[in-house]
Amino acid sequence: MTLGLINANPVVHERRERLSRADDPPHYPYPHPHPHSHPDDVLDALDVFDSVRDIRDPEHPYSLEQLSVLSEESITVDEKLGRIQITFTPTVQHCSMATVIGLCLRVKLMQCFPPHFKVDIKVSPGSLANEEAVNKQLNDKERVAAALENPNLRQLVDECLYSSELYSY
Amino acid sequence: MAEPSTWVPHIESFVDASRTSSQHDASLEAIATLVKKDIVSLLEVVREMEMYLTTTDNVIRSRGTLLLGEILVRISHKTLDHTAIDSLSDFFISRLADWVALRGTLTGCHAILCRKKEVGSISKSDVQKFSKVFFEEVDVRSLAANDRKLCYELLICVCTVHKEVATIQGEDLVYDILRSIDDEMDPTCLMLAFQLLQSAMSLFPVLSDMAYQDAFDILSKYFPVYFTHGDASNDATREELSDILLNIFCSSPKFEPHIIPFLLEKLSTSFSLAKLDSLKYLRKCISCYGPDRMADHAEDLWRSLETVIFNKEEDRITKEALECFETAVSVLITPNRDTFFGLICQKIDSLLNRIAPEKQAELHALGSIFAIISRVSDSLCTRVFRKYFARLVNSLVESIKGSLNSEALYLVSEILSSCRGLIQRSPDSTEVISEKVSWLNILRNYSGDLSAALLKLVNAITSLKEESLVVKQENVLCAVKCLEVLATFPEGCSPITDETYDLILKSLALIISEMDRSTLLWKSTLEGLIQIGSVAENSIDRRRSLVYTALVVENLLSAFINSTLPLDLSLEALYGIGMVGKHRMEQVLQVVEEIIVVKILKVCLEGEFVHADTLISLLQFYSGRIISWLSDAGDVSEVAMQFALHIWNQMENKNILKNIHVMGILDALMMTMKHLVSVSTINHQSVILQKSHEIILKSVSCPTEWFATAFQNPELLMSSPSSSVEDLNLISLFASVITAVSAQTPLPASNPNSSSNFVSNLFLFFFLRGHMPAAQALASTINKNPTDNKAIESCLSILSEDKTENKQFFKKDIITGFAWIGKGLVMRGDDRSKEIIQFLLKLAISSQHGLDAALSAADGFHIIMGDSDGCLNKKFHAVIKPLYKQRLYSTLVPVLLKSMKEANSKEVVCRAFGHVISDAPLTAVIGEAHKILLAVAHSIITLSMDIQNKDVVYSLLLVLSGILMDSTGKESIIENLHIVIGVLTQLVSYPHLMLVRETAIQCITSMSTLPHSKIYPVKPQVLKAVTRALDDKRRAVRQEAVRCRQAWSRGKN
């Protein structure tokens, strides 16, 4: 038996132009005149967004950015306190894939950022029927760990994270 | 003749399937050699083998047949008589039915068929018999890949070597071959199959329609060629297969009814490789099949191309589609065939009526179509002009009054640049000019209105008064491009009047002087002006050239003199304009020279130090760009000499000399002097030398007698009063002259009677007082004048004598100076360099004269091994022995490796080692990777303690990554994996240089591709180190760390 898609016909948005950071210092092959003059590159929301924007939706060959599940504004970073907070919006109210998306986000952030950051992943208020349950599930360490032990789930997450064959329109 | 007992065992060994393959090979070679040397006759061998060739045991029979076949391959150049050949071919042909022993039979047949006439070849009747039996008995499709390959090679041999026999068989041959290659999937075999079919079809000028139909049915299955399992391990690449398939289709126009509809259908799929290949095939087929055959497809072709061109596709597909379109336009549109053009016009008409600014993609596609039709031929261009140009120009001119029709502007610019290209391609354009309704005449009729409108647009952006017209930069950009095109038609067919030409130049020059310089508009206007200038320069009509000089060049020069433009931009503009021609550049050169002298006076005499930066940029521009351009363009010697003398004349003024070293001016001036001297001829160099020598003699304040004896008497050197600033400045400038002269130029002597040692004594004196330019000049003289032994001996005598008590000689400057002299000797391949190298090594290893001296000695190796811009290089005429770096590298490395353990200060030795390794050619280092790898690792760790060494650490890391990228280097890395990983993981948190951290992580990332069994044990260590880097201060490092972690954690586990 094949299950029907939960959202068979999603709205696809344009991908935003990738801005190169203007303040990136050029690479000096040899000693920079003032070796300590670079300010540190503080971790910001764009860093986080850049690492998660290309995660593929579990159902469709589009990225989370294209489906407007995520945007730069939905991410907040506090480097001093070591917190990253992501709020994402599933495409439909009854989306059962929300947990998978959340899991993908968590795995990706675990890979890309140092372990001392506390990561909070939430669905945006009012966007999902069982919002509280999902939020609780996504931020429960034990349950996340258990989910990643499940080989099928792990494979699904890996496919979403490493699929480079995103359709480009 | 040898006794059978001596060679029959070889046969037995080959036939015995239980032996190893190397034994088989050995016995085969042994028998083949015996036959080749006539020690054993072929007949005897066959007779002995009879049992093996006829036995009913399948394995032994197949081995026997294979042995005979392989022997025949090996004696292909040995003459055999007819009887032998006939009986052998009879034997093999009869064996084609024996499928168990087929490999040997095929090998034998191939060897016989390929034999040259001179050494006895197979008879025609046998070839005929062979091909008949082959197709009857052998089912190629059921064989293994290697056997299929043999079959194809055999058949290719039949079709190429035995053409006349193959032709007799007629179309049946093609059918038989088609049957054999059907469903072939192995890339290597497929390549041969295609070659076979190509050579078979070339035998027959025309085949029946059915044959083409069948061939197409079989071949079309392979389109587009792509590999399901990657193409890394195949002998035949995708491109090669695709090309040969295309060649088969193009070989006969009779494929046309089948292939063209097929390709058009493939073009509408969503598989981008299919699209790309269809377009490529279409392009080639259209030009091969010609207009008559393609006429029926015109409409379908246009519809398909239209869809691709007007829909947004990948860039490479759009590009290929436009190329295909261009071929179609040039082939399909002929005077009596108009369908294709009509279709294009329909599309253009429908688009022109409703084109809107928001449909940029459509507009660009339309622009490309216009550009292509107008550049294909004069007659098509004329049709475009008649049909559309007037309409576009009118709507553009109309819209200037109100809101600009930027689409029309864009399309006009595309058409204009195409038609200029058309006229530039065919210099003999009398036909176009004489024809009354040619595009050029239409353009002439409209050029007045058009250029007036364009000028109005361009002027609107430079003048503030006319506020009624608000213009966008991109529109002005387009207008500038149009004006450039109008002004760059070759003379004789210029569509614009002289007055318009003047106006265009004025407007563009205004943009250069008035507009914001950072914009694209400024840059492209400059490029436009350069283009116009080069056309004006090459035309016989001097009027335009003169106007250009007056309106553009002089305008820019005066802007430069009055510095109304920022310096860097006006220099860029001047250089651009200068590149138009030699006399333009000389014009620029003259003005720059004048300004340089004015600025020198201002800074040094009037103390206006604000001009120092300008002066330095001017000097750099002068020597780095103008002089090198002129020397590439031709003879620059005279000009260079004049300016060098001019500079020396200024030096006669004591006040200038006193101040010339402020704010780095002297360095820039020295570099300029070196360039000037290096581009001069030997005669001119002598003149400069003479002049500078005179000034030195006249102006240096300390007595010249000192120079000759200085090195023998260190006390005198110490006790004499220190040199004045003027003296040092003058010596520096003189040193730069000496550094750059060529080896043949005679050096001046202090008086005609003495030897030519004056120069070297002078520099030796100042070198021992720690003056670096003097040391470099001395090194240059030593390098270029091998006969001047005295200077070398004087230098070396200082080293040989016991002067350890004299601290004077262990200062940084002196040690560095010796390194320069050593470099001069090493480059020339002089053995005496050994003494200096030993001196430096001893200093570095023993550190008995303090750490500073040791460090300077270590850095000396960087000077000796490295390349320098300032002296001792090819440009400044140094004598360079090939591979001198490799030689020195291989002498130094063992010594340094040995002393690394015993040295007092390990850091110093590691530093020296680091310099030697990183300055040596990478290939030499990689060749000895196994010997030095551990030392490199050790040095990196030792050096990474101190921030001073960060550059050396970085260079060593680059060497390490170079070793890592090389296949033999990788083996050494694997052998020492734990140590290398240990070093790299330590560098991941190197605090002093971001580049080191970034490169270290990149190295670790690339190590994730090493064999998994080797890298598995270090994985936890790597992941731990890289996880730390996720928290790095710098973003670039963090991103590398993420990539590295992914690479390592995704590896096979």
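Mentor: Start with one pair: A:Gln85 has A:Asp120 in E3(A) as its bridge partner. Helices (H or I, at least four residues) and strands (E, at least two) are DSSP runs, numbered from the N terminus.

Trainee: Before we go on, what are the ground rules?
Mentor: This is a predicted model, where local features need pLDDT of at least 70, side-chain atom pairs count only at pLDDT 80 or more, and totals for chains, interfaces and linings use all residues. Residues are numbered from 1 along each chain as its sequence is written, chains are lettered from A and ligands numbered from 1 in the order in which they are written, and side-chain values use heavy atoms, leaving out hydrogens and water.

Trainee: Which way do strand E2 and E3(A) pair, parallel or antiparallel?
Mentor: Parallel, over six bridges, with E2 of chain A covering residues 83-88. Two strands pair if DSSP finds at least two bridges between them.

Trainee: And E1(A) with E2(A)?
Mentor: Antiparallel, over four bridges. There, A:Ile75 stands opposite A:Ile86 of E2(A). The two strands form a hairpin with four residues between them. In the turn, A:Gly82 has a positive phi of about 70 degrees.

Trainee: New topic. Which residues touch the most other members of the largest nonpolar core?
Mentor: B:Phe134, B:Phe325, B:Phe340 and B:Phe763, in a core of 430 residues. Such a core is a set of buried Ala, Val, Leu, Ile, Met, Phe, Trp, Tyr and Cys residues joined through side-chain atoms within 4.5 Å. Buried means under 20% relative accessible area, exposed over 50%, partly exposed in between (1.4 Å probe, protein chains only).

Trainee: Is B:Asp183 buried or partly exposed?
Mentor: Partly exposed, because its relative accessibility is 44%.

Trainee: Where is the cis peptide bond?
Mentor: From B:Phe223 to B:Pro224, with omega near -15 degrees. B:Pro224 is in the loop between helix H12 (209-219) and helix H13 (238-251) of chain B.
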